[in-house]
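Visitor: Could you walk me through this model, one question at a time?
Guide: Gladly, let's take a look together.

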Amino acid sequence: MTIKDIHSYLAEFDDIPGTRVFTAKRARKGYHLNQFAMSLMKPENRDAFRADESGYLAKWKLTPAQKAAVLARDYNAMLEEGGNIYFLAKLFSTDGKSFQFAAGSMTGMTQEEYAQMMINGGRSPEGVRSIREGR
Amino acid sequence: MARITAGITTSHIPAVGAAFDNGKTEEPYWKPVFAGYDWVKTFEKEQKPDVIVLVYNDHASAFDMTVIPTFAIGCAEEFEPADEGWGPRPVPVVKGHPDLAWHIAQSCILDEFDMTIINEMDVDHGLTVPMSLMFGKVDEWPVKVIPLAVNVVTYPPPSGNRCWLLGEAIARAVASFPEDLNVQIWGTGGMSHQLQSARAGLINKPWDTAFLDRLTSDPEALRAMPHIEYLREAGSEGIELVMWLIMRGALGANAKELHRFYHVPASNTAVGHIVMAPQG
């Protein structure tokens, strides 16, 4: 099956509730944010970041909104600024936090509530498949 | 001649690797997850594959945003476990099979699949967690591995049909390799999960179950499934399931299911695992 219309292909992604698909637009916006996060794979960079977060961030071509989102550990805001979760994983790993902690933090639930939701079988897709179709 | 004798898929959740490495496999939360792989451990001991073509995705470990290959084949002698931010997993170095890897790369390119050839690469949990699940704790992996990294992070990833066709091309390449080798192809990632934004935590058991069923009953429907359906039904990270279709394409039109396992949750994710064999 060949997708012939890139515009409708991309437009559909905005119809999914509570989801930011990592499109070219986001990848371009978040390039330096993601490359900053990637730099935290090296122990010496993690140490430098921990010692002086603002000073470390100043070395990267980040927008003020991106810097503020990182300093606040606001993962939804980082995604909004073009961050990708697999890159941002280097940041929450540097903080000693898990994927479950980070994912939970984006839902407005406490870590305990989120963990319990997963044990209960996770979030149902009912009602969160499509904004347009309300299903 | 080399031949593909089985196809295996599994989720490749990092928390499963962490539980495995930290001796938590007997804890009540994790025990049912690891028990789901007892069958395949015995199967692998009996089958003794020589080489695994291991389809996975790199999670911003070997590849950052500077270069984004759609299909990258690892042709090196060996691949070190990657440091993903908390130190490399304490698992053996992954040994490659450069002769077969280069043969597949060359054959696929002539078959009009423009592969990216990788001669140096660390491999992350996407590859090493499935290895731990199939072979357990070992001093040395009992097989050679050809890593095949697929971009499913930056959109658009390859279509399901393209993945299927690549699987067919890999099967043709393996069949034309003169050495007598028992080759398996693994597809990893999935099943339903979403790790980001307000919808994080999405799990869709009915959809996952139907996906597992259709690998034997209606693979043509899976080939035609557009990305938007994976995203809506299986969560933003559920798109990894397109990689399973590389495995499935390599087994040919007819394949039989030998074993399956499904469990919710492991951290944020629905664990899915299936073992299949080609059938004529």
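This is a predicted model: local features need pLDDT of at least 70, side-chain atom pairs count only at pLDDT 80 or more; totals for chains, interfaces and linings use all residues.

Visitor: Let's start with chain A. What is its secondary structure made of?
Guide: Along the sequence, chain A reads α-α-α-α-α-α-α-α-α-α. Its C-alpha trace spans about 50 × 40 × 25 Å along the principal axes. The count comes to zero strands and 10 helices.

Visitor: What percentage of the residues in chain A is buried?
Guide: Chain A has 135 residues. Of its contacts between residues at least 6 apart in sequence, 57% join residues at least 24 apart. The buried share of chain A is 36%.

Visitor: How far apart are the centres of domain 1 and domain 2 of chain A?
Guide: The domain assignment places domain 1 at 22-95 and domain 2 at 98-135. Four residues of domain 1 of chain A are in contact with five residues of domain 2 of chain A. On the domain 1 side of that contact, α7 (75-80) and α8 (85-94) of chain A each supply at least two residues. Taken over C-alpha atoms, the distance between the two centres is 23 Å.

Visitor: Which helix gives the most to the side of chain A that touches chain B?
Guide: The contact between the chains takes 37 residues from chain B and 48 residues from chain A. Helices of chain A that each supply at least two residues include α2 (24-29), α3 (31-39), α9 (99-105) and α10 (111-119). The top contributor, with seven residues, is α8(A).

Visitor: Which strands are at the edges of the open sheet in chain B?
Guide: The sheet has eight strands with mixed pairing, in the order β6-β3-β7-β2-β8-β1-β10-β9. An edge strand pairs on one side only. The edges are therefore β6 (116-118) and β9 (255-266) of chain B.

Visitor: Which residue in β7(B) is the bridge partner of A72(B)?
Guide: Strands of a sheet pair through backbone hydrogen bonds, either parallel or antiparallel. Here β3 (residues 71-74) and β7 (residues 144-150) of chain B run antiparallel and are joined by three bridges. Within β7(B), the partner of A72(B) is A149(B).

Visitor: At what angle does α6(B) run to β1(B)?
Guide: Two helices are worth looking at here. Helix α5 (residues 125-135) of chain B packs on the sheet, touching β1, β2, β7 and β8 of chain B, and its direction makes about 130° with that of β2(B). Helix α6(B) lies across β1, β2, β3 and β8 of chain B, and its angle to β1(B) is about 145°.

Visitor: Which residues have the most contacts inside the largest nonpolar core?
Guide: That core has 121 residues, and helix α6 (residues 160-175) of chain B gives the most to it, with eight. It also draws at least three residues from each of domain 1 and domain 2 of chain A. Leaving aside neighbours within four places in sequence, I73(B) is in contact with residues including A101(B), I104(B), M115(B) and L148(B). The residues with the most contacts inside the core are I73(B) and I170(B).

Visitor: Which helix is among those covering the buried residues of α9(B)?
Guide: Helix α9 (residues 227-234) of chain B has buried residues, among them H227(B), Y230(B) and L231(B). After the helix comes G235(B), with a positive phi near 85°. The cover over those buried residues includes α7 (205-217) of chain B.

How values were computed: Residues are numbered from 1 along each chain as its sequence is written. Chains are lettered from A and ligands numbered from 1 in the order in which they are written. Helices (H or I, at least four residues) and strands (E, at least two) are DSSP runs, numbered from the N terminus. A residue is buried if 20 or more other C-beta atoms lie within 10 Å of its own, exposed if 12 or fewer, and partly exposed in between; C-beta atoms are placed from the backbone. Two residues are in contact if their C-beta atoms, placed from the backbone, lie within 7 Å. A nonpolar core is a set of buried Ala, Val, Leu, Ile, Met, Phe, Trp, Tyr and Cys residues joined through C-beta atoms within 7 Å. Domain bounds come from an automatic or database domain assignment. Two strands pair if DSSP finds at least two bridges between them. Axes are lines fitted to C-alpha atoms, for helices over the stretch in contact, and angles run from 0 to 180 degrees between N-to-C directions.
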